[in-house]
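Let's take a look at a helix pair and the pockets around it. Have the sequence and the 3D view open as you read.

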Amino acid sequence: MTPDPNSERRSERARRAILDAAFDLVSRKGFAKLTIEAIAAQAGVGKPTIYRWWRSKGAVVLEAMREELGDDFAFPDTGDIAADLTTQITAVSRRLVTGRMSEAFKGVMGEAQNDPALMKEFRETILEPSIAECRARLASAVAAGQLRADVPTDVMVDLFYAPIHYRHFLGFGDDAVRRSADLVQEVLLGLRPRPDAG
């Protein structure tokens, strides 16, 4: 049986309205006050429509986050690892402290602590692809002699990005944006190739 194109268009409109409503509400009211009822009312759909596609408000907000982010966190490759890290880390910091993304991110992360399925989806759809892209860029810098070969790229990722999330979740996000370039330079002091002592 051929799918009804009008039905598909209606479904996509409803899906888009739900994601837009969820992101708007979480940015204005915060994740704790967000409800499926409120999302449905603002999107102009029934609760069963939402539950047909998502199992919780956290899952709705996570998908809204993915669509909002798009390729915003794509890792540049200009050949200068310091410049590329500064550009990317500043972009991540800025996105995390803007109202819409900040509230959504903190809310999903809080919910995911008690929802293993949500944590798994977050890791697989947002975190792990970003980490893989970062590791690939760091590996190319190692190959180019810009970074030490004896430090695993996983450790490098932690050194660069852990301070961002630490400051974000403790309420110092604005400071993280201001200090992005300094952070990169300080971490690079320990990751630059060491002169041959021999």
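## Ground rules

A helix here is a DSSP run of H or I at least four residues long, and helices are numbered from the N terminus. Keep in mind that this is a predicted model.

## Helix 4 against helix 7

Start with helix 4 (residues 57–69) and helix 7 (residues 116–143): their axes sit 10 Å apart, at an angle of about 10°. Angles under 35 degrees count as roughly parallel, so helix 4 is roughly parallel to helix 7.

Who touches whom? On the helix 4 side you'll find Gly58, Ala59, Leu62, Met65, Arg66 and Leu69, and they meet Leu118, Glu121, Phe122, Thr125 and Ile126 of helix 7. Sorted by class, that contact has 7 nonpolar, 2 polar and 2 charged residues.

## The largest pocket

The largest pocket holds about 590 Å³ of space. Its lining runs to 27 residues, with Phe122, Leu127, Ile131, Tyr161 and His165 nearest the centre. Helix 4, helix 5 (81–97), helix 6 (99–112), helix 7 and helix 8 (153–169) each give two or more residues to that lining.

Helix 7 supplies the largest share, 9 residues. By class, the lining has 19 nonpolar, 4 polar and 4 charged residues.

## The second largest pocket

At about 170 Å³, the second largest pocket is lined by residues including Arg66, Leu69, Thr125 and Ile126, along with Gly70, Asp71 and Phe73. Helix 4 and helix 7 are the elements that give two or more residues here.

Helix 7 again gives the most to the lining, with 5 residues.

Methods. Residues are numbered from 1 along each chain as its sequence is written. This is a predicted model: local features need pLDDT of at least 70, side-chain atom pairs count only at pLDDT 80 or more; totals for chains, interfaces and linings use all residues. Side-chain values use heavy atoms; hydrogens and water are left out. Axes are lines fitted to C-alpha atoms, for helices over the stretch in contact, and angles run from 0 to 180 degrees between N-to-C directions. Angles under 35 degrees count as roughly parallel, over 145 as roughly antiparallel, 65 to 115 as roughly perpendicular and the rest as oblique. Contact means heavy atoms within 4.5 Å. Ala, Val, Leu, Ile, Met, Phe, Trp, Tyr, Cys and Pro count as nonpolar, Asp, Glu, Lys and Arg as charged, and the others, Gly among them, as polar. On a 1 Å grid over the protein atoms alone, a cavity is a set of points where a 1.4 Å probe fits but cannot get out, and a pocket is an open set with protein on both sides within 12 Å along at least five of seven lines; lining residues have an atom within 4 Å of a point. Grid points are joined across faces, edges and corners, and a volume is the space filled by probe spheres set on the points.
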